[in-house]
Structure formats: structure tokens, C-alpha cells
Amino acid sequence: MSDERSAEAVYVDIQELSIGMFVILELSWLQHPFTFNSFVVRTEEQLATIRSLGLTKVRIDPRRGMTRPSAQPEAASPAGPAAGPVAARDETSATIAAAKSWRIEQNRILRASMGAAERKAAKAATVLRDITKSIYSEPQRVVTSAGALVDEVTSALLGNSEVMIHLLNDHAAGEEVYYHSLNVTMLALLLGKAIQFDAEMLRMAGVAAIFHDIGKEEIPYRVRSKTEPLTRAETDFLRQHCAMGARLATQAGLPEAVVGAILQHHENIDGSGYPAGLAGDAITPVSRLVGVVNAYDNLCNPVDPAKALTPHEALSMMFAKRKGWYDPAMLGKLIHVLGVYPPGSIVRLSTGATAMVVSMNPARPLLPMLLVHDPAIPKEEAVILELEKQPDISISKAIRPATLTREVYEYLSPRKRMTYYFDDKGRPS
């Protein structure tokens, strides 16, 4: 399943294969029980299974193995399956079929969970679209609607520790503003839970996240959607969205904590933010929380997609270059909640395979779920790998989507915009 490096094929007799060798099975994914077509043989059980596949020779990569063959291996075409007792071959085939059936069923369950999150997100985005369009004409109704959405999400979050954050598909152009508010709301609630906000503060954070950019509705679209650098006058005008939003929130009867967060979500702990240049504890906890998740999403999903950072790069920049802007405890917890490789990250695995992080559980941030590139498997049936169940496989590093070959890029389909939602049903057993 790895992106094989170009080299002359090297083969060893099946009986010479040993633990520590990096094996490349030149078989269909359905012809063996392993997750990958290529891997380091680590156990006697793996070794015995490979020998039971009916091959007389097997391809290895001496550069990636921990053990090299004692004799000079052959560089030749592999032999076909060895002849053997029919009963033994039938038993092996049955074992392989059972293993693959189990993996296919696990993939089906995981895809169903991701699909459920997609549908929930679409429903929530519809609510946010209505809120944005009706805040002036029906303020009381949309405030009630926002509260109901936050209550639904909060109830699910507080009632289940097995929350999965899923990466969603790209959405239609023009929907960015709704999915930005949705992202900020989801991340604010997840972070608020992680830092142990009580139920009321968590609700205030969720509602503030929904309305945090509502003042931008009073900014001309040509200014807020401009991809070229803003003029000084345009920058000053855009920054007024905080005060405009706070005024609108007050008129709609939103709580003081929500109004404060709308006004302060661009203030920085070191006093370098706006509109008032507040610092430290002068910025409310809800404002600090909404501010840090808003900053993260803006780095991943800027107005100009060409300037987007990968999730891994965004967290790295926030920690390394802008650490003084954010509440340190909240930034640290956000990194923990999203993991070192947040959903949407493109990564290289220890096996050499390329994958995209598609889901993760904040309780186990270093063990996300991955969509793995394998040219032997159709894209629509691509393997979803749970690192928690693969102790011998790890992520080696994050890589930029632009460095992928065209084939791998089209297979993984990296998201142009990062959008998240969660599923509260946990993982399949």
C-alpha cells in the first residue's frame, strides 16, 4: 500500500524470508489478510501467514528492512504461487476471505459515521444561513434557533467521551461564511469541554461562536471577500465588524457574555489585538476561547485559498510565532484536542504510504483515522486505517498537498477548505 520507491525489484525464496525484512506483496489487496501490501515483518504469525499465501518467492526492499538476507537475493521476476495440498490452500483462502470481510465491514461502519456527520453539518449550516440572513428581520427567532443548535451539540458532547471529529467534503462556493461559523462553533464547544467550562459557560461560548462574525454583514462584500491586500482604510473598516456585531447582538437581546465575546474575539493576550488593544484578564474567558479557535480556522480557511496553511502548519505557526496572542492554556489544549496532525493533514506513514487524516478522537489525539492511498484499491473503496488498532504503524511526518503526485492527489482529494463536524456515537469495536 506504500508509494513504492523506484528501484530494481529484489526477491528472496519464501523460506528465506525472516522477521525484520520489508516485504512487498505483489498481490491484490483481497488476496492476503494484511492491512498493507508492504510492511516490515515483525512477528512469527505474520511470517507464517505470508508463507501460507502460496508464493515461492517474495519481493523485499533491503533498504527499508531491519534485516537483510544472508545470501545475495535475486533480482528477477517472481515465481507464481507454489503448488500445495488443496485443503491447505482452501483453508488459507477462507482465512483471507474472513479477514478481508471484517476489514470491509469496518470500513463500511466508519464511512457511515462520517456520512452521518456530513448530514448533521449540512443541517447545522442551514440553520446558520438562516441566522445570518434573518438576524435583522427576526432577531428573537434566530437567537432561539442558535440556542437550540448549541444546546443539541452541547448535550451530545457532555454526554459522550467517545467524540470523533470528522473532516467533511468541500462545499459549494459562497457557503464559506456559514461553514466558518460552523467550524468555530464546533471547535469552541470541543475546546470549552476540554478546559472544563461549566454547562452555562459552554453554552455562552457556542452562541458567541455562532454570532462572532455577524457584524461582517454590514461590511461590503467586496471588502470582506477581497483576496488582494486591503488598503489601510479597508482594514480599519473591516475591523469595525467587532463593534458592529456587538451592537447588533445587544439589540437582539443576547447575553452580556456573548456580546463581550463578539466585541473581543480579535483581542490578543499581549495587547496587540483590536478593537481596544485589551490584554490579559481584561479579555473575558469566552472571548479568549472564541478568539483562539477563530484564529486557527482563519489560517486554514483564509479568504484567499492560495494562502491556506495545512492544519499542522496552522497549529505550528500559532504555537511558534504567535504564542503571545493567545491564552496559553487554551492554545495548549487546542493542540491536544486536534492532535499534532489534525483532520485534513496529509501525512507519510512509517510504512512509506501516503494518507490523509480524516477523523480523530480528542481523547486519543495521536491515533487518528486515516484514508490511505493504495493504487491497488479503487478510490471509492479506499482503506480507512485506525492507528489505535495498528501499533506497528505510525505517522512519520506531515507533508504539503502540493508535493503529492497527481495520482496520489486525486486519490486522496485533499480539501481546499477544512470543515469539521463530530459524531458522538464512538467508533466501531
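**Note on the predicted model**

1. In this protein, residues 24 or more positions apart account for 71% of the contacts with a separation of 6 or more, a contact being heavy atoms within 4.5 Å. The model is predicted, so local features need pLDDT of at least 70 and side-chain atom pairs count only at pLDDT 80 or more, while totals for chains, interfaces and linings use all residues. Residues are numbered from 1 along each chain as its sequence is written, and side-chain values use heavy atoms, with hydrogens and water left out.

2. The protein has 13 helices and 11 strands. These are DSSP runs numbered from the N terminus: helices are H or I of at least four residues, strands are E of at least two.

3. Of the 429 residues, 51% are buried, meaning under 20% relative accessible area with a 1.4 Å probe, protein chains only.

4. An open sheet of four strands runs in the order S1-S4-S2-S3, with antiparallel pairing. Two strands pair if DSSP finds at least two bridges between them. Strand S1 (10-13) and strand S3 (38-40) are the edges, each pairing on one side only. Neighbouring strands in this sheet are turned by 40 degrees against each other on average, direction ignored. Strand S2 (residues 22-24) is joined to S3 by three bridges, and Val 23 has Phe 39 in S3 as its bridge partner.

5. In a regular strand the side chains alternate between the two faces of the sheet. Strand S8 (residues 369-372) is covered on both faces: Met 369 and Leu 371 are buried on one side, Leu 370 and Val 372 on the other. Strand S7 (residues 354-360) runs antiparallel to S8 and is joined to S8 by four bridges; Ala 355 has Val 372 as its bridge partner. S8 also pairs with strand S9 (residues 384-386), antiparallel, over three bridges, where Met 369 is partnered by Glu 386.

6. Helix H3 (residues 139-158) and helix H4 (residues 176-194) have axes that come within 11 Å and cross at roughly 40 degrees. Therefore H3 is oblique to H4, as angles under 35 degrees count as roughly parallel, over 145 as roughly antiparallel, 65 to 115 as roughly perpendicular and the rest as oblique. Axes are lines fitted to C-alpha atoms, for helices over the stretch in contact, and angles run from 0 to 180 degrees between N-to-C directions. Residues making the contact include Val 150 and Leu 157 of H3 and Met 186 and Leu 190 of H4.

Note on methods. Buried < 20%, exposed > 50% of the residue type's maximum accessible area, 1.4 Å probe, protein only.
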